Structure formats: structure tokens, C-alpha cells
Amino acid sequence: KDICDLLEDNNLSKVQKLHRPFCYNLETPPTGFGLPCRFVLKRCSLLKSSPDISTNNFLGGVNFDATSNAQNSIENKRADLIKEENKHGKTCESTTYGKHMSQHQVFINFWGEEVRFSFISHLVFALSTKGVNVSIDKYEKKGEDLEKTFQRIEDSNIALVVFSSQYTESRWCLDELVKIKKLLDEGKLLIIPIFYKVEPSEVIQLDGEFGLKLWNLWKVHRDHRIIKWKDALETVAARMDRCLKENSSESEFITLIVEKVMSRISLQEGRNQTFLPYIARGKTTRFSAGKGEKHESFLNKRHFFGLEQRMKKLEQKLEFDCNETRIIGVVGMAGIGKTTLAMMLHEKWNCKFVRCVPFLDIRKKSEKYSPAWLRKTLLQVLLGGKFGVIKDKMTHESWKEKLLQTKVFVVLDDVSNKKQLEFLLGDLNWIKKGSKIVITSRDKSLIEGLTHDTYLVPPLNYREALQLFSYHTFGDHVFHPTVTSMKPCKELVDCAGGNPLVIKLLSKQFHGRDDARWEMRQGDLTHLGIVILNIFRFSCDELSEKQKDVFLDIACFFRSVDDYFARSLLDSGDHDSESEVKDLTHKGMIAISGCRVEMHDLLYMFGKIFSSQELIGKNGGKSRLWFTQEIFDALINQKDTERIRSIFLDMSEVTKGMVLDRLTFINMPNLRYLKIYDSCCSRQCKALCIFPNGLEFPLENVRYLHWVKYPFEEFPPDFRPENLVDLRLPYSMIERVWEGVKDTPRLKWVDLSHSSKLFNLSALSKAENLMRLNLEGCTNLDELPWEMKNMKSLVYLNMRGCIRLRSLPNMNLIALETLILSDCSNLKEFQVISKSLRVLNLDGTAIKGLPLAIKKLQRLVLLNLKNCKMLESLPNCLGKLKALEELILSGCSRFKNIPDVKHNLKHVQVLLLDGTGVDEMPNI
């Protein structure tokens with residue numbers, strides 16, 4: 001075997017000196033030795049027949065000129081030999097020793113001349129004689145990536161990792177180790193670490209010559225994989241197995257390793273088995289000399305569009321041209337490109353800093369290890385192994401003097417909690433002025449108060465998204481779909497919502513399709529759903545149970561609602577300190593835009609898909625229902641009702657009335673949101689829910705109750721409104737809300753509009769936090785209860801069309817800003833019930849004038865007196881309303897004398913007098 005290696009490297013002098021008897025006398029290969037021995041025999045026959053090599057020289061003396069000529073001659077003939085063997089299906093590049101059973105394949109990860117032609121070659125031979133397939137680095141073509149090697153690692157069942165003093169000289173070898181560790185973590189690979197004349201502690205702690213070579217490698221290449229290498233070294237080395245000391249017997253050591261491998265193989269099979277030697281064509285074990293080793297940068301083979309503009313904005317925030325310390329946060333949803341942007345920045349600027357660290361996947365590493373490990377790793381890479389072993393308990397303060405010597409450039413990627421930052425950055429007093437730190441996170445709240453500025457990574461615009469989709473689908477960034485593919489291309493890009501990762505994954509579904517197969521199919525929609533689930537599932541899993549519930553509630557039912565309404569309705573607590581809506585905003589799962597809760601289309605789709613697939617562990621079924629058939633199963637068939645959280649029933653999809661049992665809601669203790677409505681007509685439902693035997697309604701957790709055409713005169717006695725926030729019963733049959741007075745501490749919105757039978761509001765007497773009350777069209781309501789004076793939070797009161805209302809109670813609603821009494825045709829006298837009014841609608845009433853107390857309305861902006869047919873005049877004190885901008889008197893036919901607008905109403909911007917009795921234009 002050694003001869004074969006030396007001959008392949010054209011090292012003829014060693015062959016002549018050391019192996020002459022073996023080469024010269026061997027006529028047939030020993031059993032199990034295989035093709036390499038036959039190859040040696042042919043090579044040696046060339047040596048013996050070469051005219052330039054005398055017998056004496058071959059026996060010991062070396063003629064270097066002759067050797068050189070022989071090498072050229074041999075290489076030419078060797079090429080012919082390889083071609084000849086390839087014709088017969090044999091290839092020197094691909095032969096495996098041992099019985100060809102891939103389930104027993106062993107991959108050996110190693111590096112260095114110190115082991116290549118001695119220990120490793122003997123180990124390979126020993127395993128091969130046992131019939132074990134052995135895979136080792138081949139001579140990869142120059143510039144070729146690691147994909148082929150990775151594939152061979154994946155095809156293996158056992159990996160032998162041989163740590164030696166030269167191991168950390170090779171990035172290629174370390175990348176293999178990262179792949180091996182990944183498969184180990186996934187349970188797909190067994191690992192046997194072997195320590196060849198190095199101590200396990202040196203590998204784990206990156207100490208001595210072993211660690212020094214790693215840090216030197218890092219300093220030269222600044223490879224972003226440094227943390228992954230370190231992690232893999234620690235993890236694999238911690239599984240200590242075999243260690244060869246100096247002056248120990250290698251043969252005995254190899255025997256122990258082979259026994260270990262065979263034991264593992266036997267365990268996998270479930271029985272002991274020795275394999276007969278066998279030559280398998282098409283495989284080989286071959287040693288890499290490390291030539292042509294090429295490693296991609298973070299951005300190689302990645303094509304991004306629109307990234308330059310984002311880079312410039314981030315660079316501006318970091319201010320590389322000034323000597324000030326800058327800590328910048330990079331936030332955004334999953335897949336938006338935070339890590340790519342940060343690493344692109346690192347590759348561009350790390351050469352300007354003596355010390356830099358690209359610390360990727362902090363969330364995952366924090367879960368696997370500890371915050372102390374994060375700190376230790378950061379310090380190790382920053383200090384480059386110069387100052388001895390760094391222990392877990394050591395802080396930045398321990399190395400402050402050394403750290404302050406030079407500026408640093410640190411990328412902290414995927415930070416998921418504040419504790420990680422506390423350990424990684426400490427109190428920041430170790431950071432030299434002029435340093436730059438970039439922190440990427442999905443959660444903006446984690447970096448508030450720490451960063452100097454934050455950059456929110458925007459989604460790709462439509463053009464950039466098309467370019468990216470085109471590149472991954474058609475192979476370039478020029479968008480050139482055919483007529484057939486144009487529509488689905490644009491639909492997919494629209495669905496992706498400018499998320500680069502989603503675009504890339506979707507494009508794979510259509511890569512290589514011909515025109516005939518470019519129509520959107522059900523399978524494509526399923527694939528889209530799977531892509532979205534896979535990308536955002538972890539973001540959702542990272543949420544607390546309360547945050548997850550609120551996120552899904554918004555996605556399913558409350559997208560684009562007012563943000564205050566969302567917080568009041570959905571938050572678990574009464575204060576901002578317990579606001580899930582606020583937390584979701586910081587985490588980028590929702591956004592507040594124009595005072596409304598908005599959600600990215602992808603997250604919206606994810607929420608709907610996730611909820612529609614959500615299964616309840618023990619009881620089965622889903623907790624959020626909006627499909628009619630599912631709701632039928634719950635309401636009529638009482639199927640899986642115990643954990644139902646939300647029911648939104650669209651009666652426009654119901655062809656006839658639903659006859660429901662009195663106990664329909666009895667087994668829904670967790671119901672929070674109930675909405676029965678008609679999406680085709682917001683005013684009424686064509687089909688109704690019918691309860692022939694009445695209704696029991698023991699819902700104590702319900703917060704949102706919206707029931708168009710509620711069929712009963714009042715709520716059942718067992719209804720408990722303690723948690724009720726929003727009550728909407730438009731067009732209902734209700735006469736009073738419920739019997740007696742009940743505590744409603746959270747009730748803020750009530751809509752009883754067009755409930756024509758309503759005559760009593762006393763049930764709401766304790767609704768002190770009520771903010772909006774809509775009584776429009778309640779034609780049977782003739783008075784407001786005096787207890788309404790306790791509604792200190794009431795901002796909006798609408799009584800439009802309450803035709804039986806004759807007067808208002810004597811009270812002061814201190815927060816009331818909008819009062820609508822339009823078309824209260826029997827209201828003859830207006831009484832000021834709030835000094836905070838900004839909008840007062842008295843149009844269509846029977847008032848004859850305004851009280852002098854009107855002057856107290858110093859915030860009044862709009863006064864609407866349209867069609868007040870009995871109105872004859874306005875008090876002079878109206879001119880004292882400094883905020884009044886709009887005065888409407890249209891249709892007041894008895895009104896004749898307008899005050900001096902120029903002096904008394906000088907703040908009024910809109911004055912409507914059409915249809916009045918005014919004879920001449922006022923002095924403006």
C-alpha cells in the first residue's frame with residue numbers, strides 16, 4: 001500500500017531504497033490487496049525495464065537524472081494504463097477496499113503529511129482487510145467545491161476524525177468536520193474521534209500548537225466559518241475515544257480502532273459479522289495532498305438584487321469613515337436577508353480591523369450551549385489564542401487591557417434574547433473607540449437602548465423580486481418569461497411579498513419547466529404553503545403561548561384593525577408591560593401603520609395555514625373556526641368544542657336558517673371571539689340562527705361578541721360579561737342587554753344600533769370604561785339612564801334616529817368628544833353634557849335655540865344644525881368659541897339673523913347658510 005502511494009507521487013527514490021525486494025520479487029498480489037497491488041506490479045515492471053535505471057542503482061544508489069527520465073516515461077505509460085483499465089470498467093480514481101456495502105462505509109477525516117503516509121495508510125489497510133468500505137479525501141479538481149466530499153460523508157455510517165498537530169492547517173478539513181458534526185447532531189452518523197499524538201484538552205481548549213495553527217489560519221483568511229469550526233472541534237473532541245501517545249505502538253492502536261469500528265458495525269446490524277475481502281469496482285480510497293483547495297466566501301454562488309442600496313444605507317449608519325464607536329441593529333422578518341447583509345458588510349470591511357468576529361447562529365448556539373460559552377468563544381476569536389486558555393467564568397473585564405489595544409468589528413447574528421447580549425457585550429467598556437458592532441435580530445425590543453441606530457431591512461421591490469426569481473428559475477437575472485409563464489411568474493412574485501428566501505425556494509419548483517407545465521397547479525399552491533410554513537414556523541415556535549395565540553388571532557380575524565382596539569381586545573394584561581401586541585411588533589411579526597395593526601402578506605398566509613392545520617393534542621380539532629362546515633360540526637354536531645377559541649360564522653354562506661340546541665355553547669369554556677354576520681350585507685343576515693328551546697350562554701372568557709340579528713330579548717342569566725371588551729348586536733331583537741346590573745370592567749365598545757325594541761340601558765350602568773356607544777336607530781329608546789354619568793371614559797355617543805328621545809340627563813361626561821343627536825326629531829332642548837365636545841351634530845332635531853352654556857365648549861370644532869326647522873337664532877356667546885371652524889345652518893328655514901361673522905365668528909372657515917331665511921350675505 002505504501003508503495004502505491006509513493007509511486008503515485010512519483011517518489012521513486014524512496015521506492016528504490018526502501019521497497020526494492022518487495023517491488024522486485026512480488027509476482028502476484030496477496031489476497032485482498034486488490035487493484036493497487038496490480039498497479040504497483042505494472043509500475044515496477046516499468047522500473048525494471050527502464051534503460052535509464054541500472055540494477056545497481058535500483059539496489060541502492062540513485063541516479064537522479066535517470067530517475068527524472070524514468071518518471072516522465074512512467075507517467076506517460078501510466079496514462080495509457082489508466083485508459084486501458086477504464087475500458088474494462090476499472091478506474092484508479094474510484095475503487096473501494098472491502099465489501100461494497102454502503103451501510104458500513106467509513107469516512108476518515110484527517111490532515112497532514114505526518115499521518116497521511118503512515119498511520120492513515122495502515123488504518124485504511126486494516127479496515128479494508130475486514131471488508132469495510134473506507135472513504136478518504138480524493139484529489140479534487142482545482143476550484144471544485146466540497147459538495148462531492150459532503151455527499152460521501154452523507155453516504156457513510158461512521159466517521160473517524162483523526163486529530164493531529166497539523167489538523168487545523170486546512171480549512172477543507174475543518175469544513176468536513178462541520179459537516180460531520182451536523183450529521184452527528186441529526187443522528188445520521190456515528191463518530192469515533194482519534195487523537196494522534198495530541199491531547200484531547202488541546203483540541204477542546206484550542207491550546208498549544210493545535211490551537212495556534214487554527215488562529216493563524218483564521219488571521220490569514222478571516223473565514224466567517226471560524227465559530228462553526230470551533231464549535232465542531234469542541235463537540236467532536238468532547239466525545240473522547242482513542243488517544244495515541246508519543247512512543248506508543250501504532251499497530252496496537254490501529255487494532256483497537258478497527259475493533260471499535262467492527263463493534264459499531266455489529267451493533268448496527270444486530271449481529272457480529274466479518275466481511276470477506278472483495279474488490280468493488282467504481283470506488284477508491286485515495287489521499288488528498290491538499291492542492292487546489294478552494295473555499296467560497298459567504299457570497300460566492302449567491303446572487304442578490306437590491307443589496308447594494310441596502311449596504312449603502314447600513315454603511316452610512318455605521319459611519320466607517322469616522323473614528324466613533326457605532327452599534328447598529330439590523331432587524332426584519334425571517335428570510336428577509338439580515339444575515340446576508342451583515343456578512344456582506346463583514347467581508348467588505350473586516351480587512352480594516354485587526355480584530356473581527358462574524359458570530360453566526362447565536363440563537364441556536366445559545367440553546368445548545370450556554371451564554372457563558374458565547375462569551376468565551378467571542379473572547380477566544382477576538383484575542384486569537386494569544387493569551388492562553390480562556391475559561392467560562394472569565395469576562396471582558398479580565399481581558400479589558402488587551403481588548404482596548406485595537407478596534408474591533410463584530411457581527412452578532414440572530415440574537416434572540418437580552419441575556420445573550422449581556423454575556424457577549426458586557427458593559428461595553430472594553431470596546432475601543434472607533435469599533436463597529438452589528439447585531440441582527442427578529443426582535444427590535446432586544447436591542448433598544450443598546451444600539452445607536454436600527455436598520456429595518458425592507459422587502460425587495462417588484463423589479464428586484466422578478467430578477468431574483470428569474471435568476472433561480474431561468475438561470476439569469478433578465479426577466480424573459482413566455483406568454484404562458486408570465487402570469488404564474490408574477491403571481492408567485494406577488495405571493496412572496498419581496499422575501500428573498502421565499503422567492504428562492506419557490507423558484508426551485510418551476511426551475512426547468514417547459515411552457516406546457518407553467519400553469520399554476522394545486523401542487524404548486526401546496527408547495528407554496530409548505531415553503532411558508534417551513535420558513536416562519538420557527539419564528540412562531542419562538543413565541544410564548546400567549547404571543548402565539550395573539551399572532552394567530554390577528555392573522556385569522558383582526559388584521560388591519562385599530563391598534564388600540566387590538567391591544568384592548570387581545571392583550572392578556574391591562575398594561576403595556578404585558579402587551580403581546582407590542583411584543584409582536586418588536587419581533588417583526590406585525591407592524592403598526594397608520595394606527596392600524598398590519599401584517600406582511602407572507603406572515604398572514606402563514607398564520608392562516610398554520611391555524612388551518614393546527615391540531616389539538618388530546619381532544620383533536622382546531623381552535624379557530626371560519627370555514628362554514630367546521631363551524632357546523634362544532635355548533636350542530638358538538639364536535640371538538642372544548643378548546644375552541646374563535647368562531648367567525650358568515651351567514652351569507654348558509655342557505656337556510658340554522659336550528660341549534662339550547663346547549664350549543666355549553667361546552668365552549670375557552671371561547672373568546674364569537675362573530676355571526678353576513679359578509680354580503682353588514683346590516684342584516686338573510687339566514688338566522690334559530691334556538692327553538694332558548695339558549696344557555698355560560699361564556700365567561702368571551703371578549704368579542706358580534707352577533708347580527710341577535711334573536712333574543714336579552715342575554716341569558718348565566719352570561720358573565722367580566723371579560724367582555726367589544727359587544728356588537730346591530731339589528732337585534734334585544735329590549736335590554738341583560739337583567740340587572742353586572743360588572744363589566746373591560747367593556748369599551750358597545751354597538752346596539754338599529755335594535756328597534758331596545759328601551760332600557762341600565763344594564764350598562766357599571767361600564768365605567770366604556771369608550772364608544774352606538775345607539776343609532778334605537779327608535780324605542782326615550783331616555784338615557786342618569787347612571788351614565790359614571791362613564792368617565794366615554795368618547796363617542798351616537799344616538800342618530802332615536803326619535804323618541806326628548807331630553808338629555810344632567811351630567812358631565814368629561815371625556816366625550818363626539819355627540820351625534822341627528823334626526824332625534826322629538827329633542828326640543830339641548831343640554832351641554834360635556835365640556836370636551838369637539839363634534840356636535842344636532843341636525844334634524846326640534847331645538848329652537850342653543851343654551852348659553854354652549855360657550856363652555858371651547859374645544860368645539862364642528863357644530864351641525866342642519867334642518868333644524870324650529871331654530872330661529874344663535875346666542876351671541878357663540879363668538880367665544882375660539883376653536884369653531886365649521887358651522888352648518890343649511891335648511892334652517894326660520895333662521896334669519898346671522899351674527900357678525902367678521903368679528904364674532906372670525907375663526908369659522910366653513911359657513912353653510914343655504915335654505916335659511918337669511919336675506920343678505922354676512923360681513924365676512
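Visitor: Which way does α9 cross α10, left-handed or right-handed?
Guide: α9 goes past α10 in a right-handed crossing. Keep in mind that this is a predicted model.

Visitor: OK, what's the angle there, and how far apart are the axes?
Guide: The two helices, α9 at residues 147-155 and α10 at residues 171-185, pack at about 35°. Their axes are 10 Å apart.

Visitor: And which residues make the contact?
Guide: From α9 you have Thr149, Phe150, Ile153 and Glu154. α10 brings in Trp172, Asp175, Glu176, Lys179, Ile180 and Leu183.

Visitor: How many of those are nonpolar, polar or charged?
Guide: The contact of α9 with α10 counts 5 nonpolar residues, 1 polar and 4 charged.

Visitor: Switching to α20 now. Which residues are buried in that helix?
Guide: In α20, which covers residues 418-425, the buried ones are Gln420, Leu421, Leu424 and Leu425.

Visitor: Where do they sit around the axis of α20?
Guide: They span an arc of only 100° around the axis, so they end up on the same side of α20.

Visitor: What's going on at the start of α20?
Guide: Asn417 has a side-chain oxygen that comes within 3.1 Å of the backbone nitrogen of Lys419.

Visitor: And what follows α20?
Guide: Gly426 does, with a positive phi near 60°.

Visitor: You mentioned α18. Where does Lys376 lie?
Guide: Lys376 is part of helix α18.

Visitor: Is that lysine buried or exposed?
Guide: Lys376 is buried, because its relative accessible area is 14% and the cut-off for buried is under 20%.

Visitor: How far is Lys376 from Thr395?
Guide: In sequence they're 19 residues apart, and in space 7.9 Å, going C-alpha to C-alpha.

Visitor: Last one: which helix is Thr628 found in?
Guide: Thr628 belongs to α29, which runs over residues 628-635.

Visitor: Why does Thr628 count as buried?
Guide: Because its relative accessibility is 14%, and anything under 20% counts as buried.

Visitor: What does the side chain of Thr628 make a polar contact with?
Guide: With the side chain of Glu653, at 2.5 Å.

Technical notes:
Residues numbered from 1 in each chain as written. Predicted model: local features only at pLDDT ≥ 70, side-chain atom pairs only at ≥ 80, totals over all residues. Heavy atoms only, no water. Axes fitted to C-alpha atoms, helices over the stretch in contact; angles between N-to-C directions. Helix = DSSP H or I, 4+ residues; strand = E, 2+ residues; numbered from the N terminus. Left-handed = near helix turned anticlockwise from the far one by under 90°. Contact = heavy atoms within 4.5 Å. Nonpolar A, V, L, I, M, F, W, Y, C, P; charged D, E, K, R; others polar. Buried < 20%, exposed > 50% of the residue type's maximum accessible area, 1.4 Å probe, protein only. Arc of directions from axis to C-beta. Polar contact = N/O pair within 3.5 Å; in protein donor to acceptor, adjacent residues only side chain to side chain.
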